[in-house]
There are 2 protein chains.
Amino acid sequence: METNTNTTLQTVITPEELLAHWQGHRNLTRRVIEAFPEDDFFNYSIGGMRTFAEMVMELLGIAGPGIKEIATAETAQLIENVEHNNKKAQILELWDKATKDIDTYWTQIKPEQFHDTIKSFGQYEGTVWSSIFYFIDNEIHHRGQAYVYLRALNIEPPFFYER
Amino acid sequence: METNTNTTLQTVITPEELLAHWQGHRNLTRRVIEAFPEDDFFNYSIGGMRTFAEMVMELLGIAGPGIKEIATAETAQLIENVEHNNKKAQILELWDKATKDIDTYWTQIKPEQFHDTIKSFGQYEGTVWSSIFYFIDNEIHHRGQAYVYLRALNIEPPFFYER
């Protein structure tokens, strides 16, 4: 075991590492979207659940706007529907835009902000860190569900550990 | 927005907060196990995937032993099967034992250790933080899959946001 001697790293995780961790997850989610046949992405579901397209629109509604809200302190609206014309390409374009938005606004979050108390989307109370963890955990949760959809469709999902 | 003025909290997340975050997730996973009918827990699956019992045995194999390995630096073996006699009660007992083990060994992890490079279970290279995040993310991933199993079985899963 190597011992890290850099005292600035005597912390669980740095903001930069948390960003990279999340973007790694988002990269995997993007590949899960790509793995779906277009029709199944917008129409397939199990047990009365939402389609993966509907879940992804929720994720798009949360990620970019949620981080922008934290960075700017301007209340964000939770919008869980976007124009997509049943085209994955349109969803993927929005996904990539969100990737850039997250990178941009993340740099505006100050390290001392992570324990501030906020109301995400004007209503969900937590700290900055707990809100961001919720965004990430919620994405992992729904993407796990998409893995079942893909398996039920006889499609091999991307490896979970590849980010 | 309240600004936190405690300089010791000028960090993304403290070790104590990460522990509470994970144990909150583990509490939810426990309730998902409870929500399964005994027979379905051990036998139901979709698309050729593992049963939730098999996934939970993987989680049990990772969580307690993984944290003990980080705390003690003694290489752990990855054991993904336990005696259960098709009884959820036996799995839940092991779950609760793991909860205590995690609490116990967590206090032995030093704050400056989180950026050390380790090989979890003697083989998976990463930092202490990235390994622990993997343990948590992997649990969320599989629990999300269990939500689909429950929905397909016409059973309402616990709320994702209740920990």
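Strands count as paired if DSSP finds at least two bridges between them. Helices (H or I, at least four residues) and strands (E, at least two) are DSSP runs, numbered from the N terminus.

This is a predicted model: local features need pLDDT of at least 70, side-chain atom pairs count only at pLDDT 80 or more, and totals for chains, interfaces and linings use all residues. Residues are numbered from 1 along each chain as its sequence is written, chains are lettered from A and ligands numbered from 1 in the order in which they are written, and side-chain values use heavy atoms, with hydrogens and water left out.

Stay on the hairpin. Select A:Lys119; its bridge partner in β2(A) is A:Glu125. Then pick A:Phe121. The hairpin has 3 residues between the strands, and A:Phe121 takes a positive phi near 55°.

Next, select helix α3 (residues 52-72) of chain A and helix α4 (residues 88-106) of chain A. Their axes come within 9 Å and cross at roughly 20°. Axes are lines fitted to C-alpha atoms, for helices over the stretch in contact, and angles run from 0 to 180 degrees between N-to-C directions. α3(A) and α4(A) are therefore roughly parallel to each other (angles under 35 degrees; over 145 is roughly antiparallel, 65 to 115 roughly perpendicular, the rest oblique). Show the side chains in the contact (heavy atoms within 4.5 Å). Among them are A:Leu60, A:Ala63 and A:Ile67 of α3(A), and A:Leu94, A:Trp95 and A:Ala98 of α4(A). By class, this contact has 14 nonpolar, 2 polar and 1 charged residues. Ala, Val, Leu, Ile, Met, Phe, Trp, Tyr, Cys and Pro count as nonpolar, Asp, Glu, Lys and Arg as charged, and the others, Gly among them, as polar.

Now bring in chain B. Select helix α5 (residues 128-152) in chain A and in chain B. The two pack at an angle of about 50°, with their axes 7 Å apart. That makes α5(A) oblique to α5(B). Residues to display include A:Phe133, A:Ile140 and A:Tyr147, which sit in the contact along with B:Phe133, B:Ile140 and B:Tyr147. The contact divides into 10 nonpolar, 6 polar and 2 charged residues.
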